[in-house]
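Me: I am new to this structure and would like to understand the terms used to describe it. Could you take me through them one at a time?

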Amino acid sequence: MTLHSTPSLSATPQASLASDANPSAVLVRRAEPNDAAALAWLAQQTFIDTYGDLTDPEDVRLHCEKNFGIAQQSAEINNPEYTVILVWHQEELIAFAQIVQRPPPDSLPITPAATKIGRAS
């Protein structure tokens, strides 16, 4: 299972920062509302590349639809509990990170040391 047509950075004013001066440079910045489609695509593709061969294709499709759609990514980008960081190379979104500021679910065994890693001083 593969997605196609990577959304590009061209609609974003910062595009020239990474591509004009140094073609090997990357642009790291906080996600903006108009990044939701590109983020949704990369999140889905990353999940498919990681789990697609190990999981039923219908389960993968349903998981991606529920967790990585444009509406979901827009909600996370706009949520004050989330910091969404994007990494662009030329006109392609190549990486992302999400930092969520809320307690972990009870199902995760979190040790005091692990919790401290997530806290800013």
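Me: Is the crossing in which helix 2 passes helix 4 right-handed or left-handed?

Reply: In this predicted model, helix 2 passes helix 4 in a right-handed crossing. The residues that make this contact are Ala 36, Ala 37, Leu 39 and Ala 40 on helix 2, together with Ile 70, Gln 73, Ser 74 and Ile 77 on helix 4.

Me: What makes helix 2 roughly perpendicular to helix 4?

Reply: The axes of the two helices come within 8 Å and cross at roughly 115 degrees. Angles of 65 to 115 degrees count as roughly perpendicular, and therefore helix 2 is described as roughly perpendicular to helix 4.

Me: Which classes of residue does the contact of helix 2 with helix 4 have?

Reply: Sorted by class, the contact has 6 nonpolar and 2 polar residues, and no charged residues.

Me: How do you know that the span of helix 2 agrees with its number of residues?

Reply: Helix 2 covers residues 36-51, which is 16 residues, and at 1.5 Å a residue these should span 22 Å; because the end C-alpha atoms are 22 Å apart, the two values agree.

Me: Which residues of helix 2 are called buried, and what do they pack against?

Reply: Buried means under 20% relative accessible area, and the residues of helix 2 described in this way include Leu 39, Trp 41, Leu 42, Phe 47 and Ile 48. The buried residues of helix 2 pack against helix 3 (57-67) and helix 4 (70-78), and also against strand 2 (82-89) and strand 3 (92-100).

Conventions:
Residues are numbered from 1 along each chain as its sequence is written. This is a predicted model: local features need pLDDT of at least 70, side-chain atom pairs count only at pLDDT 80 or more; totals for chains, interfaces and linings use all residues. Side-chain values use heavy atoms; hydrogens and water are left out. Helices (H or I, at least four residues) and strands (E, at least two) are DSSP runs, numbered from the N terminus. The expected span of a helix is 1.5 Å times one less than its number of residues. Buried means under 20% relative accessible area, exposed over 50%, partly exposed in between (1.4 Å probe, protein chains only). Contact means heavy atoms within 4.5 Å. Axes are lines fitted to C-alpha atoms, for helices over the stretch in contact, and angles run from 0 to 180 degrees between N-to-C directions. Angles under 35 degrees count as roughly parallel, over 145 as roughly antiparallel, 65 to 115 as roughly perpendicular and the rest as oblique. A crossing is left-handed if the near helix is turned anticlockwise from the far one by less than a right angle, and right-handed if clockwise. Ala, Val, Leu, Ile, Met, Phe, Trp, Tyr, Cys and Pro count as nonpolar, Asp, Glu, Lys and Arg as charged, and the others, Gly among them, as polar.
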